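The following note collects points for a colleague who is about to examine the model. Each point is meant to be read beside the structure.

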Amino acid sequence: MDEFVFPRSLPCQTCATVAETTFTCIQCNNLAFCDACWSKWILHIPGAVGWNGKPHEKADPRVVDRLRQILEPTRTEQEHEAELLEDQDTTWFGYGRDASNHPQLYDYGRFAAIVAETQTEQMGERYPQLASFIGETGAGKSTLIKLLIDRQDLASPQGSKYYSPVTSSNQDRISTTGDVHLYADPSTLYATSPLLFVDCEGLSGGEAAPKQLRQTQDSQSSHSTANYSRRYATPRKIEWAQTPQTQRREFAVGQL
Ligand SMILES: [Zn+2]
Ligand SMILES: [Zn+2]
């Protein structure tokens, strides 16, 4: 069996060369051009502009491919579930209920873990910065964070080696994540002020449990120790949740 080689780029649509890297033109139906043939194409001659009033842009086909994978992921349901399972490691804190059904805050220690894992001996005091993404369910918060993280090695065919959110396709309107997840910006990871992205569960998600929680909810109530046995969580009673209104999941998501 031949070893699979990741296709670097398509043959030039004009001269058919495969000897050099070709660029994709998004506005020309994703046609591929080598550098020499690019500017000879009728829609690329000097002065020609596209729908945005600018000349067509030479796109790296690998980058185009990776962006498509982020925006419109193609994967099986099993692959998606495996990604969601792995993403549980990025949970910072979440909302759950104790045995008497009283709301609790669960702290999974993600913030301390990121800072501790990236601490080196030369570093003095560090001042992590938090960038929170808050918005309606389905607005694309996770996609935005994923682009910010994955863009740092978009050309890598295997995908980003850093933790980044699991995104849903457009058709999927159930919130993808429960809880609040924390991701590190790779470019500032070892800096004095590392930038951390906070991905919050979407507002207006209602009382319906998000996709990620439903996976673990089949036999037990969410956030029982059995479901999250892989990680240690510190529970804290939410003292202000005293009325039926304030005890609702959606209320906590909106306030926290
Ligand atoms: Zn060519
Ligand atoms: Zn073009």
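1. Four donors count as tetrahedral if all angles lie between 85 and 135 degrees. The model under discussion is a predicted one, and this criterion is applied here to the zinc ion (ligand 1), whose four donor atoms subtend angles of 99 to 116°; the arrangement is therefore tetrahedral. For reference, the ideal angle for four tetrahedral donors is 109.5 degrees.

2. Which residues supply the donors of this zinc ion (ligand 1)? The protein donors are the SG atoms of Cys 12, Cys 15, Cys 34 and Cys 37, lying 2.3 Å from the metal. Along the sequence these residues follow the spacing C-x2-C-x18-C-x2-C. Cys 15 belongs to the segment before β1, whereas Cys 34 belongs to the loop between β2 (31-33) and α1, so this pair ties together parts that are 19 residues apart in sequence.

3. The cover of these ligands may be noted residue by residue. Cys 34 is buried, at 2% relative accessibility, and Cys 37 is buried as well, with a relative accessible area of 8%. Cys 15, by contrast, is partly exposed because its relative accessible area is 41%, and burial requires a value under 20%.

4. The zinc ion (ligand 2) has protein donors from two cysteines and two histidines: Cys 25 (SG), Cys 28 (SG), His 44 (NE2) and His 56 (ND1), at 2.0 to 2.3 Å. Its four donor atoms subtend angles of 103 to 115°, so this arrangement too is tetrahedral. The sequence spacing of the donor residues reads C-x2-C-x15-H-x11-H. Cys 25 lies in strand β1 (residues 23-25) and His 44 in the loop between α1 (35-38) and α2; the pair therefore ties together parts that are 19 residues apart in sequence.

5. Cys 28 is buried at 6%, and His 44 is buried at 9%.

6. The count of disulfides comes to zero. The criterion is a pair of cysteine sulfur atoms within 2.5 Å.

7. Strand pairing deserves a separate remark. Strands β3 (residues 91-97) and β4 (residues 103-107) run antiparallel and are joined by five bridges; Arg 97 has Pro 103 of β4 as its bridge partner. The two strands form a hairpin with five residues between them, and Asn 101 in the turn has a positive phi of about 70°. β4 also runs antiparallel to strand β8 (residues 234-237), with four bridges between them, and Leu 105 stands opposite Arg 236 in β8.

8. Helix α5 (residues 141-150) is mostly covered, with seven of its 10 residues buried. These are Lys 141, Ser 142, Thr 143, Ile 145, Lys 146, Ile 149 and Asp 150. Their cover includes α2 (61-71) and the strands β5 (129-133), β6 (180-184) and β7 (195-199).

9. Some overall values complete the note. The protein contains seven helices and eight strands, and 41% of its 256 residues are buried. Among contacts with a separation of 6 or more, 61% involve residues 24 or more positions apart. The accessible surface is about 15,000 Å², and 55% of it belongs to carbon and sulfur atoms.

Technical notes:
Residues are numbered from 1 along each chain as its sequence is written. Chains are lettered from A and ligands numbered from 1 in the order in which they are written. This is a predicted model: local features need pLDDT of at least 70, side-chain atom pairs count only at pLDDT 80 or more; totals for chains, interfaces and linings use all residues. Side-chain values use heavy atoms; hydrogens and water are left out. Buried means under 20% relative accessible area, exposed over 50%, partly exposed in between (1.4 Å probe, protein chains only). Contact means heavy atoms within 4.5 Å. Accessible areas come from the Shrake-Rupley method with a 1.4 Å probe; for residues, only the protein chains shown count as cover. Donors are N, O and S atoms within 2.8 Å of the metal (3.2 Å for Na, K and Ca); water is not among the atoms, so sites may look incomplete. Four donors count as tetrahedral if all angles lie between 85 and 135 degrees; four count as square planar and six as octahedral if opposite donors are over 155 degrees apart and all others between 65 and 115; anything else is irregular. Two strands pair if DSSP finds at least two bridges between them.
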